[in-house]
Amino acid sequence: MIVRTIRGLAAATALLVAVSSSASAQGASSGLAITAGVDMPMGDFADVAKMGFLVGGQYTMPLGETFKLRLNADYARNGFHDDVVSLLGDGNWTRLGGMANLIYPFGGEMGLYGLGGVGFYSVNTDLSGSEAESKLAWN
(Lines give C-alpha, C1' and ligand atoms only; values in the text may rest on other atoms or scores of the structure.)
Protein backbone atom coordinates (compact mmCIF):
# COMPACT_ATOMS: atom_id res chain seq x y z
CA MET A 1 0.00 0.00 0.00
CA ILE A 2 2.80 2.43 0.85
CA VAL A 3 4.54 1.72 -2.48
CA ARG A 4 1.30 2.42 -4.36
CA THR A 5 0.81 5.66 -2.43
CA ILE A 6 4.39 6.79 -3.07
CA ARG A 7 4.01 6.03 -6.78
CA GLY A 8 0.80 8.07 -6.83
CA LEU A 9 2.49 10.98 -5.08
CA ALA A 10 5.41 10.81 -7.53
CA ALA A 11 3.03 10.85 -10.50
CA ALA A 12 1.11 13.79 -9.03
CA THR A 13 4.38 15.65 -8.44
CA ALA A 14 5.46 15.07 -12.05
CA LEU A 15 2.11 16.40 -13.26
CA LEU A 16 2.38 19.45 -11.01
CA VAL A 17 5.91 20.19 -12.25
CA ALA A 18 4.59 20.06 -15.82
CA VAL A 19 1.75 22.44 -14.89
CA SER A 20 4.27 24.67 -13.09
CA SER A 21 6.48 24.88 -16.18
CA SER A 22 3.47 25.83 -18.29
CA ALA A 23 2.34 28.45 -15.75
CA SER A 24 5.87 29.93 -15.53
CA ALA A 25 6.00 30.24 -19.28
CA GLN A 26 2.77 32.25 -19.11
CA GLY A 27 4.18 34.63 -16.49
CA ALA A 28 2.35 33.15 -13.47
CA SER A 29 4.14 32.57 -10.16
CA SER A 30 4.21 29.02 -8.78
CA GLY A 31 6.58 27.00 -6.66
CA LEU A 32 7.61 23.55 -5.50
CA ALA A 33 9.13 22.94 -2.04
CA ILE A 34 10.60 19.93 -0.26
CA THR A 35 10.39 19.78 3.55
CA ALA A 36 12.13 17.71 6.22
CA GLY A 37 12.33 18.04 9.96
CA VAL A 38 11.79 16.70 13.43
CA ASP A 39 8.36 15.41 14.49
CA MET A 40 7.85 16.38 18.14
CA PRO A 41 5.10 14.46 19.95
CA MET A 42 2.88 16.66 22.13
CA GLY A 43 0.12 16.13 24.68
CA ASP A 44 -0.89 12.54 25.42
CA PHE A 45 0.99 11.32 22.35
CA ALA A 46 4.28 12.45 23.96
CA ASP A 47 3.63 9.98 26.79
CA VAL A 48 3.99 7.02 24.39
CA ALA A 49 6.02 8.27 21.40
CA LYS A 50 9.61 9.41 20.94
CA MET A 51 10.77 12.28 18.77
CA GLY A 52 10.65 11.23 15.12
CA PHE A 53 11.16 12.62 11.63
CA LEU A 54 9.00 14.00 8.86
CA VAL A 55 9.44 14.61 5.14
CA GLY A 56 7.12 16.20 2.65
CA GLY A 57 6.60 18.43 -0.29
CA GLN A 58 4.28 21.17 -1.42
CA TYR A 59 3.30 22.80 -4.66
CA THR A 60 1.75 26.27 -4.88
CA MET A 61 0.18 27.76 -7.99
CA PRO A 62 -1.91 30.86 -8.74
CA LEU A 63 -5.67 30.66 -9.22
CA GLY A 64 -6.61 33.79 -11.07
CA GLU A 65 -5.42 37.21 -9.97
CA THR A 66 -5.97 36.90 -6.22
CA PHE A 67 -6.01 33.35 -4.88
CA LYS A 68 -3.41 30.56 -4.81
CA LEU A 69 -3.78 26.80 -4.50
CA ARG A 70 -1.33 24.87 -2.29
CA LEU A 71 -1.13 21.08 -2.44
CA ASN A 72 1.03 19.31 0.10
CA ALA A 73 1.88 15.76 1.12
CA ASP A 74 3.86 14.55 4.12
CA TYR A 75 5.10 11.42 5.88
CA ALA A 76 6.04 11.23 9.57
CA ARG A 77 7.36 8.39 11.72
CA ASN A 78 7.86 8.08 15.48
CA GLY A 79 9.13 5.19 17.62
CA PHE A 80 7.58 4.28 20.96
CA HIS A 81 9.07 4.80 24.44
CA ASP A 82 10.72 1.78 26.06
CA ASP A 83 7.87 1.21 28.53
CA VAL A 84 5.39 0.95 25.63
CA VAL A 85 7.72 -1.41 23.77
CA SER A 86 8.04 -3.64 26.85
CA LEU A 87 4.23 -3.93 27.05
CA LEU A 88 3.26 -4.12 23.36
CA GLY A 89 6.43 -5.03 21.50
CA ASP A 90 8.61 -3.00 19.17
CA GLY A 91 6.85 -0.83 16.64
CA ASN A 92 6.45 2.58 15.04
CA TRP A 93 3.68 5.10 14.48
CA THR A 94 3.43 6.50 10.94
CA ARG A 95 1.32 9.20 9.29
CA LEU A 96 0.91 9.72 5.55
CA GLY A 97 -1.37 12.33 4.11
CA GLY A 98 -2.05 15.35 2.01
CA MET A 99 -3.95 18.64 2.00
CA ALA A 100 -5.31 21.05 -0.60
CA ASN A 101 -5.46 24.68 0.61
CA LEU A 102 -6.88 27.84 -0.89
CA ILE A 103 -4.68 30.84 0.01
CA TYR A 104 -5.74 34.49 0.12
CA PRO A 105 -2.74 36.84 0.42
CA PHE A 106 -3.61 40.18 2.05
CA GLY A 107 -0.47 41.36 3.84
CA GLY A 108 1.32 43.21 1.07
CA GLU A 109 4.99 43.65 2.01
CA MET A 110 4.49 41.75 5.29
CA GLY A 111 3.45 38.57 3.42
CA LEU A 112 0.36 37.85 5.54
CA TYR A 113 -2.26 35.46 4.20
CA GLY A 114 -5.30 33.43 5.19
CA LEU A 115 -5.86 29.85 4.16
CA GLY A 116 -8.35 27.03 4.44
CA GLY A 117 -8.37 23.53 3.08
CA VAL A 118 -9.22 19.85 3.31
CA GLY A 119 -7.29 16.63 3.00
CA PHE A 120 -6.79 13.17 4.47
CA TYR A 121 -4.32 11.44 6.75
CA SER A 122 -3.71 7.72 7.21
CA VAL A 123 -2.31 6.81 10.62
CA ASN A 124 -0.82 3.41 11.32
CA THR A 125 1.03 1.62 14.10
CA ASP A 126 2.91 -1.49 13.10
CA LEU A 127 2.11 -3.29 16.35
CA SER A 128 0.39 -6.65 16.06
CA GLY A 129 -3.38 -6.37 15.96
CA SER A 130 -3.43 -2.70 14.90
CA GLU A 131 -5.04 -1.41 11.71
CA ALA A 132 -4.41 1.74 9.68
CA GLU A 133 -7.00 4.47 10.15
CA SER A 134 -7.72 7.20 7.59
CA LYS A 135 -9.27 10.48 8.64
CA LEU A 136 -10.50 13.65 7.01
CA ALA A 137 -8.46 16.72 7.91
CA TRP A 138 -9.17 20.44 7.57
CA ASN A 139 -7.66 23.78 8.48
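Let me start with Phe80, which sits in the loop between strand E3 and helix H2, the latter spanning 82–88. What we are looking at is a predicted model, and I will keep to what can be computed from it. With a relative accessibility of 7%, Phe80 counts as buried, because the cut-off for that class is under 20%. Leaving aside residues up to four places away in sequence, Phe80 touches Val48, Ala49, Lys50, Val85, Gly91, Asn92, Trp93, Thr125 and Leu127. There is also a C-alpha separation of 9.3 Å between Phe80 and Ala46, although these two residues are 34 apart along the chain.

Let me step back to the overall fold. The protein has two helices and six strands, and reading along the sequence gives the pattern α-β-β-β-α-β-β-β. Of its 139 residues, 27% count as buried. Among contacts with a separation of 6 or more, 46% are accounted for by residues 24 or more positions apart.

The model holds four aromatic pairs. One of them joins Phe45 and Trp93, with 4.8 Å from centre to centre and 55° between the planes, and it is classed as tilted. This pair links distant parts of the chain, since Phe45 belongs to the loop between strand E1 (31–39) and strand E2 (52–63), while Trp93 is in strand E4 (residues 92–105), 48 residues apart.

Turning to strand E5, which covers residues 113–125, we find Ser122. Ser122 counts as buried at 14% relative accessibility, and, again not counting residues up to four places away in sequence, Ser122 touches Thr94, Arg95, Leu96, Ala132, Glu133 and Ser134.

Finally, the surface. The protein exposes about 9,200 Å², and carbon and sulfur atoms supply 61% of that area. Which residues make the nonpolar surface patch of about 710 Å²? They are Leu63, Phe67, Leu102, Tyr104, Phe106, Met110 and Leu112. Phe67, Tyr104 and Phe106 also form one aromatic cluster. Phe67 itself lies in strand E3, residues 67–79, and is partly exposed, with a relative accessible area of 35%.

Terms used: Residues numbered from 1 in each chain as written. Predicted model: local features only at pLDDT ≥ 70, side-chain atom pairs only at ≥ 80, totals over all residues. Heavy atoms only, no water. Patch = residues over 30% accessible without salt bridge, like charges linked within 9 Å, V, L, I, M, F, W, Y side chains within 5 Å. Areas by Shrake-Rupley, 256 points an atom, 1.4 Å probe, with all protein chains shown as cover. Salt bridge = Lys/Arg side-chain N within 4 Å of Asp/Glu carboxyl O. Helix = DSSP H or I, 4+ residues; strand = E, 2+ residues; numbered from the N terminus. Buried < 20%, exposed > 50% of the residue type's maximum accessible area, 1.4 Å probe, protein only. Contact = heavy atoms within 4.5 Å. Phe/Tyr/Trp six-rings, centres within 6.5 Å; stacked < 30°, edge-to-face > 60°.
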